[in-house]
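Try each task before reading its solution.

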Amino acid sequence: MNRTAARILVDQLVVHGVDTAYCVPGESYLTVLDALGDSPIRLVTTRHEAAAANMAEADGKLTGRPGVCLVTRAPGATHAAVGIHTAYQDSTPLLLLVGQVPRHHLGREAFQELDYERMFGEMAKWVATLDDAASVPELVSHAFHTATSGRPGPVVIALPEDAQSDEADVADAAPYHAAQASPAAADVDRALELLAGAERPLAIVGGGGWSEQAGRDVAAFAAASNVPVAASFRRQDYVDNGSHAYAGMLTLGLDPALARRVREADVILALGTRLGEIATQGYTLLEAPRPAQTLIHVHADPDELGRVYEADLPIVSGSPQFAAMLRPVDGSARAAWVEEARADYLANLRHGEMPGDLQLAEVMAHLRERLPDDAVITNGAGNYSVWAHRFYEFHRYGTQLAPCAGAMGYGVPAAVAAKLRHPERIVVCLAGDGDFLMSGQELATAVQYDAAIVVLVINNGMLGTIRMHQERNFPGRAVATDLVNPDFAAYARAFGAHGALVERTEDFAPAFEEALAARRPALLELRVDPEAITPRQTLTEIRAGASRR
Ligand SMILES: Cc1ncc(C[n+]2csc(CCOP(=O)(O)OP(=O)(O)O)c2C)c(N)n1
Ligand SMILES: [Mg+2]
């Protein structure tokens with residue numbers, strides 16, 4: 001039976017298990033939209049393509065399957081690009097479907113034409129153009145396999161307007177199976193031998209393609225073998241933070257004790273992580289290219305091994321596949337090493353007093369106690385996130401949605417996607433005053449689709465992160481970092497959400513309960529003192545320190 005290419009495409013999405021897609025409609029892909037209209041896929045209309053792409057990215061992080069996003073030609077594609085870049089850096093499976101000019105206009109710089117292969121060439125694993133209706137099952141199957149196999153990442157398919165209505169009689173593809181390498185037994189033996197012989201071993205977990213079981217396997221191995229485990233940047237939910245061997249995360253605002261521990265380690269097992277710029281503090285904790293520590297580097301993508309670091313034992317493997325092969329080794333001689341690492345981590349959870357009536361650390365400590373293990377925490381970029389990362393604890397995989405790529409504007413869309421995926425869970429978005437307004441319009445999407453998220457806008461009246469860097473590098477000179485903000489609670493209420501202002505620490509807990517009880521999207525503006533720029537130092541202290549240099 002003949003079907004249009006658009007219908008075949010949508011049927012393939014269903015075959016591959018897609019149940020939700022995020023879009024901003026456009027006239028360039030009407031035929032595909034129409035085919036979606038009577039498919040079982042829930043199509044979520046967002047208010048900006050960056051948000052649509054970020055929602056798809058977050059969904060990909062949550063499910064391990066490609067999140068799906070549809071946008072129109074160049075204006076939609078360029079808006080969506082930030083989500084594609086995040087998916088690339090965060091190793092998240094994602095499929096972007098983007099409208100394209102009719103084939104006979106290609107190359108004319110027709111209306112809103114862009115060459116997506118060039119545009120997305122550096123931030124997608126694969127960019128393709130739909131040309132032949134009969135090849136659509138193969139094209140889409142290839143896209144799903146590419147997005148999920150090896151190091152996961154984004155794939156882009158361009159949809160020329162005229163090609164969408166071409167017809168063909170072709171069978172559907174079979175559902176995709178992501179392919180991952182497993183380690184050779186001899187390599188696992190050698191890795192365990194190195195770890196058994198170490199005096200001060202350390203595991204660092206991160207990267208894409210993780211699983212809840214991988215977290216359990218690593219935690220069990222680490223506790224039984226006395227190997228402390230650190231999470232890399234924004235991968236804090238990979239291993240239960242309550243487990244005995246968990247030693248903290250390699251993040252911005254890194255705990256100096258953990259930094260010391262990485263430097264002092266004699267054997268490092270890097271599992272899944274690329275050992276990126278943030279996790280290695282600018283490639284210094286492990287010196288590039290030849291670290292002082294013996295390095296076992298396990299990664300799903302052979303191209304990552306030896307790219308920066310010369311590993312003593314490079315192993316091509318998916319993280320769950322490697323974790324499943326771990327067997328306890330005798331680490332009884334180094335019990336103290338693990339206990340110290342754990343004590344340092346717990347000490348770093350304690351906070352001191354910072355200026356202002358609203359102590360962000362206490363808010364985070366409250367959330368740590370109050371929220372169930374399955375609550376999802378999202379954020380974008382900004383110094384406020386340092387509190388969230390440091391003072392919150394994660395116990396289950398899939399509860400932290402935070403862009404490793406560091407893009408502002410991620411938190412609200414990610415929260416909406418999380419709430420639609422897990423309506424029964426509490427979803428809290430943390431956003432800065434700058435960060436929030438890069439995607440605050442998505443409160444409309446939250447209201448429209450009944451996604452009762454709670455957004456905490458941490459308002460310090462500035463782009464605080466950049467101000468901090470200015471005070472360090474150009475003390476006393478704040479350029480372009482002050483913000484005049486709207487009344488955030490009123491803004492939320494204008495969307496039909498619950499909105500309230502919190503100015504003192506003691507008012508937070510009741511305001512948070514009220515926000516949850518509202519059973520609709522809610523926003524709390526947390527007004528904080530701009531002096532409280534990090535949990536360790538005030539703005540004045542940073543300026544004074546820099547002036548003395
Ligand atoms: C899309 C994007 N634009 C710019 C930046 C650079 N940047 C990083 S943090 C930041 C300021 C964030 O301000 P705010 O959300 O108010 O958080 P604060 O640092 O004040 O806590 C900026 C501009 C970025 N990371 N992403
Ligand atoms: Mg701010």
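The exercises below cover salt bridges and the exposure of their partners.

This is a predicted model: local features need pLDDT of at least 70, side-chain atom pairs count only at pLDDT 80 or more, and totals for chains, interfaces and linings use all residues. Residues are numbered from 1 along each chain as its sequence is written, and side-chain values use heavy atoms, with hydrogens and water left out.

**Exercise 1.** State how many salt bridges the structure holds.

Solution. Start with the criterion: a side-chain nitrogen of Lys or Arg lies within 4 Å of a carboxyl oxygen of Asp or Glu. Then take the total: the structure holds 30 salt bridges.

**Exercise 2.** Find the salt-bridge partner of Glu 304, then classify the exposure of Glu 304.

Solution. The partner is Arg 307, with the closest N and O atoms 2.6 Å apart. Next, apply the classes: buried is under 20% relative accessible area, exposed is over 50%, and partly exposed is in between (1.4 Å probe, protein chains only). Glu 304 has 5%, so Glu 304 is buried. Arg 307 has 54%, so Arg 307 is exposed.

**Exercise 3.** Which residues are linked with Arg 103 in a network of salt bridges?

Solution. Asp 131, Asp 162 and Asp 166 are linked with Arg 103. In general, side chains of opposite charge can pair when their charged atoms come close.

Methods:
Chains are lettered from A and ligands numbered from 1 in the order in which they are written.
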